[in-house]
Structures are given as structure tokens and as C-alpha cells.
Amino acid sequence: MFSPLYPFLWKRDSLFILDQRKLPFKKEYIKCSSYKDVIKCIKDMVVRGAPAIGVVSGYGMYLAVKNYKGNNLKEYLTKVANEFISCRPTAYNLSYVVNRIKNFSLEISKNKVDDKVLELVFKEVEEIREENKKMLQKVVENGLKLLKKNSCVLTHCNTGVLACGDIGSALGVIIEGYKNKKISFVFVDETRPYLQGARLTMLELLSAGIPCCMITDNMAGYVIKEKRINCIIVGADRIAKNGDTANKIGTYTLAVLAKYHKISFYVVAPSSSIDKDISTGKEIKIEQRDEDEVKYINGKPITLETAKVLHPAFDVTPAELITAIVTEEGIFKYPYNFK
Ligand code: MRU
């Protein structure tokens, strides 16, 4: 049994991915029977959010191993892994899971894929999914420790079940925080251009019966100044060793606002979003997406055809602007020193 909002489901040897582009108005699942189908769904934002695309890519890698026909598994899986990683290069969970399944498959298969290998690879994918769930539960428990009673918070993008596959990260803290009377009201950035806040976070909050209000991204300064926001809570796509954090474009702006207004700015994420191979955010590759995603809304142009448009999907918030980074391993403060 899956919740109507569950972002993916494995059934009859195929992955069914909820088409988040159609939410909140339609609930439709897309069937993926090959790894190419899964890549297309990740690239086209059918599924999004770093932890969710991490788990989904695990199933995609399994499908790749299952459909393997060649005579050089290493070469094949390296190519497949690169295809996955390059389709959304900023989200660390994606490369973490893809590389883990690639290395695991190569270790156990000795260049030959049989039923036993497939069974073990599938088990490893399910293990990743279970780890993700357990991590997020602990992340949320830790996040709750940061909140004072009846806080009014602001969040950006979508970091709930839809983005994570389970309980959620930043939005998980917010939803549980409301149940525990630690949160009384939530402001939600609409999050241009994909409107994850307007379409997905509002859906999750309204479904949970949580008092909330949507704002356009450029209202954040006004709301922080006028509406007594206690803190800002966001997720992460990739965190460097020093705590610099890549997250949805607009996050950095919020961190600067938080600093100026002396309110706390929290990043909430599983440790599978921490890239221990990079020292600072300068090494994070920022995904650049198609300019038409900014130039058109629902198929209608909002500027001139000839207009040049920038579309970085993420920005990097420097560690010193982050009050705390919460993972399942604890609450970390600047200067960051993750385990
Ligand atoms: O482009 P998206 O929708 O995949 O971006 C999602 C975010 O930026 C989230 O904040 C991040 O992945 C954390 S999700 C728990």
C-alpha cells in the first residue's frame, strides 16, 4: 500500500514514478522498465529532490544491470553511471547511490549477470531505500531539538515526502514540529521557476492541515521583516566538507536575509548529501537548466522570444551563513566538522 503522495513504487519488475510536474492537480505515475526511462524521469523533473532521485537512481541502476547484454560490465556500468550523474549533477545523493550500486554490482558479478547477482543487487537497492528512511527519521528527530515553541518558519522549494521518498528532511521537521506544537505557521516560497513550493510544499502542508501561506520568492525580505519569522529551514542537494551548501536557487538569498535580520538559518539533510570528497562549495557543479523553463509558464511565453535568460538550478550558501546543519548524526555548527 502506498500513500497517494508516494513519489515512486516498485511493482512487477518496473518502477512507477509519480509525475510531480502534474501535481497538485493530477496524480499520474509513469512506468519505467529500463534505466533510460528512469534517467528521462530524473532529467525531466518527473521526480526530484536529492534523496528521492538518489533512491530512484538505485532502481534505475538495477534495471541497467538486469537488461545488460554485452561482454564488458565495467565499461557498461561506468557509462550508465555517468549518464545518471550528468543528468542532475548537483544532487550528491544521486552520484552516491549510482556509484554504490555500480561498485557493488562489479564486485559480486565477475562480469557475468545471473539471477543470483540480480537478487543481490536488488537487495542492495532496497537496503539503500531502508537506510534513507532510517536516516530521515533521525534527521527529523534531531531537527526538532532546534525549534522553540510556536515558531513561525519560512521554507524554500520542497523537502517533504515527495523530495525524499520518506518523512522528508526540512519539511519533515516542519510537519513533525507542528504536531509537537513547536511550529505554529509556515511561509512557503513559491520557488520559481519550477514552483516546487507552490505546487508540492503547499500540497504537503495543506494535506497535513498545517497553517501556511505561500509567497512569491521576492516577498521573503518583506515577510521576514514584518511577520516575525523565527527561523528559515531548508534542505540540501550537496554539502561540502566545510559546510558550504548547495540547494535550490534562492536559498543563498534567504541565508543573507537571515544574517541581516539575525534569525536562524537551518539546513536539514541526511548525511548522504555530504560530499566528503570536496573541501568547499567552490567545487560544487551547479546544474544549468534550459532557459525555456524560465521563459515559459504553462507553455506561454512571459518574455520576448529573443530574451536571454539564466537558469542555474541551485546556488551555494557559504557555511558561515548557516546557523546549524542537521543530519541523522547530530546538530553541527560552524566551523563544520562532520564525522
Ligand atoms: O530541483 P529540485 O526540485 O530537485 O531541488 C530540490 C531541492 O533543492 C531540495 O531542497 C533538496 O533536494 C533537498 S530535498 C530533501
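Author: One remark comes before the questions: this is a predicted model.

Reader: Is Lys-112 buried or exposed?

Author: A residue counts as exposed when its relative accessible area is over 50%. Lys-112 has a relative accessible area of 54%, so Lys-112 is exposed.

Reader: With which residue does Lys-112 meet in a salt bridge?

Author: Side chains of opposite charge can pair when their charged atoms come close. For the side chain of Lys-112 the N to O distance in the salt bridge is 4.0 Å.

Reader: How many salt bridges does the structure hold?

Author: The structure holds a total of 19.

Reader: How far apart are the closest N and O atoms of Glu-287 and Arg-289?

Author: Glu-287 counts as buried, at 4% relative accessibility. Arg-289 counts as buried too, at 12%. The two residues form a salt bridge, and their closest N and O atoms are apart by 2.7 Å.

Reader: Is Asp-19 buried or exposed?

Author: The cut-off for buried is a relative accessible area under 20%. Asp-19 has a value of 1%, so Asp-19 is buried.

Reader: What is the relative accessible area of Lys-22?

Author: Lys-22 forms a salt bridge with Asp-19, with 3.8 Å between the closest N and O atoms. Whereas Asp-19 is buried, Lys-22 is partly exposed, with a relative accessible area of 33%.

Reader: Which residues are linked with Asp-19 and Lys-22 in a network of salt bridges?

Author: Asp-19 and Lys-22 form a salt bridge with each other. The network that holds them also links Arg-21 and Glu-28.

Reader: At what angle do helix H7 and helix H8 pack?

Author: Helix H7 covers residues 170-179 and helix H8 covers residues 196-207. Their axes are 11 Å apart, and the angle is about 25 degrees. Angles under 35 degrees count as roughly parallel, and therefore H7 is roughly parallel to H8.

Reader: Which residues of H8 make the contact with H7?

Author: H7 passes H8 in a right-handed crossing. On the H7 side the contact is made by Leu-171, Ile-174 and Ile-175. The residues of the contact divide into four nonpolar, one polar and one charged. Those of H8 are Thr-201, Glu-204 and Leu-205.

How values were computed: Residues numbered from 1 in each chain as written. Predicted model: local features only at pLDDT ≥ 70, side-chain atom pairs only at ≥ 80, totals over all residues. Heavy atoms only, no water. Axes fitted to C-alpha atoms, helices over the stretch in contact; angles between N-to-C directions. Helix = DSSP H or I, 4+ residues; strand = E, 2+ residues; numbered from the N terminus. Parallel < 35°, antiparallel > 145°, perpendicular 65-115°, else oblique. Left-handed = near helix turned anticlockwise from the far one by under 90°. Contact = heavy atoms within 4.5 Å. Nonpolar A, V, L, I, M, F, W, Y, C, P; charged D, E, K, R; others polar. Buried < 20%, exposed > 50% of the residue type's maximum accessible area, 1.4 Å probe, protein only.
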